[in-house]
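Visitor: Hi, I have a structure open and I'm new to this. Could you walk me through it?

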Amino acid sequence: MTSAQYLARRSEVETYFDRTAVAAWTRLTSDAPVGRIRATVRAGRDEMRRTLLSWLPLDLRGARLLDAGCGTGSFSIEAARRGAEVVAVDISPTLIEIAQRRLPDDISHNAIRFVAGDMLDPRHGGFNFAVAMDSFIHYRAEDAVRIVAGLAARTSDAILMTYAPRTPLLAVMHAVGGLFPRGNRAPAIEPVAEQKLSRLIADHSDLADWRCARNCRIANGFYISHALELRPS
């Protein structure tokens, strides 16, 4: 997991979300007006969040949930409203600060523990559910599966994740993104074919006791993401 390539990409992702794109992501994850392209991304993310929430029990009282790559905390808030004890982790301290400021009055400050750092830190403890919405899309499939295996070691009931599916449209958007000045670019998305991801999961020794369950693709304008549920066999 601590390969030079993985660490280099992790550093790029941290710089992007903690510095370069803070203003854009703060606006995108609010109800502030945005342009047409970002509106499709916002709508797609909202639909994906609803989908993943629909895969969780309505009553999460007594359950611990890891929101891995929580961003500004939207998923964490909804999980806490169902009664979960949430640990919300993000690589960006700035996004964590925004998430803390956005905590609504109906959520106890004890219901969500916001942490800037590594989602795999063993100090977070064990969980019933781990959710990683669009948290792995900038990593190679092999590294993403290693992260999932790390989460599986501390998760009992289900892991809900998303990945960037390999599609012609996503390939075009990837190419267009490369035309922007390097300082303004997000780290490249790493699309993966569904069959390859399934094979990598099946072949990973630490995921031998896990199986792929539900899956769902959300495509809305410039937002394309595929949800996957993993459960113990």
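Guide: Gladly, and please keep in mind throughout that this is a predicted model.

Visitor: Okay, is Arg 214 buried, exposed or partly exposed, and why?

Guide: Arg 214 counts as partly exposed because its relative accessibility is 38%, and the partly exposed class runs between the 20% limit for buried and the 50% limit for exposed.

Visitor: Which residues does Arg 214 touch, leaving out those up to four places away in sequence?

Guide: Arg 214 touches Ser 54, Trp 55, Ala 227, Leu 228, Glu 229 and Arg 231.

Visitor: Let's move on to Ser 225. Where does that one lie?

Guide: Ser 225 lies in strand E7, and it is classed as buried because its relative accessible area is 1%, while the limit for buried is under 20%.

Visitor: Which side chain does Ser 225 make a polar contact with?

Guide: The partner is Asp 134, and the polar contact between the two side chains is 2.8 Å. Leaving aside neighbours within four places in sequence, Ser 225 is also in contact with other residues, including Met 48, Thr 162, Tyr 163 and Cys 216.

Visitor: Tell me more about Asp 134, then. Where is it found?

Guide: Asp 134 is found in the loop between E4 and H6, and with a relative accessible area of 14% this residue is buried. Its backbone deserves a look as well, for Asp 134 has a positive phi of about 60 degrees although it is not a glycine.

Visitor: What about positive phi after H4, which residue has it there?

Guide: That is Gly 83, which follows H4 and has a positive phi near 100 degrees. Within helix H4 itself, Phe 75, Ser 76, Ile 77, Ala 79 and Ala 80 are buried, and these buried residues pack against H3, E4 and the strands E1 (64–68), E2 (85–90) and E3 (112–116).

Visitor: You mentioned H3. How many residues does H3 have, and how far does it reach?

Guide: Helix H3 covers residues 36–54, which makes 19 residues, and from its first C-alpha to its last it reaches 27 Å, close to the 27 Å expected at 1.5 Å a residue. Its buried residues include Thr 40, Val 41, Gly 44, Met 48 and Leu 52, and among the elements that cover the buried residues of H3 are helices H2 (22–28) and H4 (74–81) and strands E6 (210–220) and E7 (223–232).

Visitor: What about H1, what covers its buried residues?

Guide: The cover includes H2, helix H5 (93–101) and H6. The buried residues of H1 are Tyr 6, Arg 9, Val 13, Tyr 16, Phe 17 and Asp 18, and the helix reaches 23 Å over residues 4–20, close to the expected 24 Å.

Visitor: New topic: how many cavities of 30 Å³ or more are there?

Guide: The count comes to one cavity of that size, and about 70 Å³ of space lies in the largest cavity.

Visitor: Which element gives the most to the lining of the largest cavity?

Guide: Strand E5 gives the most, with three residues, and helix H6 (141–152) joins E5 among the elements that give two or more residues to that lining. By class, the lining has 10 nonpolar, one polar and one charged residues, and its members include Phe 136, Tyr 139, Met 161 and Glu 190.

Visitor: Is Tyr 139 buried or exposed?

Guide: Tyr 139 is buried, with a relative accessible area of 8%, and it lies in the loop between E4 and H6. Not counting residues up to four places away in sequence, Tyr 139 touches Tyr 6, Arg 9, Arg 10, Val 13, Ala 144 and Glu 190.

Visitor: Last one: what polar contact does the side chain of Asp 143 make?

Guide: The side chain of Asp 143 makes a polar contact of 2.6 Å with the side chain of Arg 146. Asp 143 has its place in helix H6, and at 2% relative accessibility it counts as buried.

Methods. Residues are numbered from 1 along each chain as its sequence is written. This is a predicted model: local features need pLDDT of at least 70, side-chain atom pairs count only at pLDDT 80 or more; totals for chains, interfaces and linings use all residues. Side-chain values use heavy atoms; hydrogens and water are left out. Helices (H or I, at least four residues) and strands (E, at least two) are DSSP runs, numbered from the N terminus. The expected span of a helix is 1.5 Å times one less than its number of residues. Buried means under 20% relative accessible area, exposed over 50%, partly exposed in between (1.4 Å probe, protein chains only). Contact means heavy atoms within 4.5 Å. On a 1 Å grid over the protein atoms alone, a cavity is a set of points where a 1.4 Å probe fits but cannot get out, and a pocket is an open set with protein on both sides within 12 Å along at least five of seven lines; lining residues have an atom within 4 Å of a point. Grid points are joined across faces, edges and corners, and a volume is the space filled by probe spheres set on the points. Ala, Val, Leu, Ile, Met, Phe, Trp, Tyr, Cys and Pro count as nonpolar, Asp, Glu, Lys and Arg as charged, and the others, Gly among them, as polar. A polar contact is a pair of N or O atoms within 3.5 Å; within protein, one must be able to donate a hydrogen and the other to accept it, and residues adjacent in sequence count only if both atoms are side-chain atoms.
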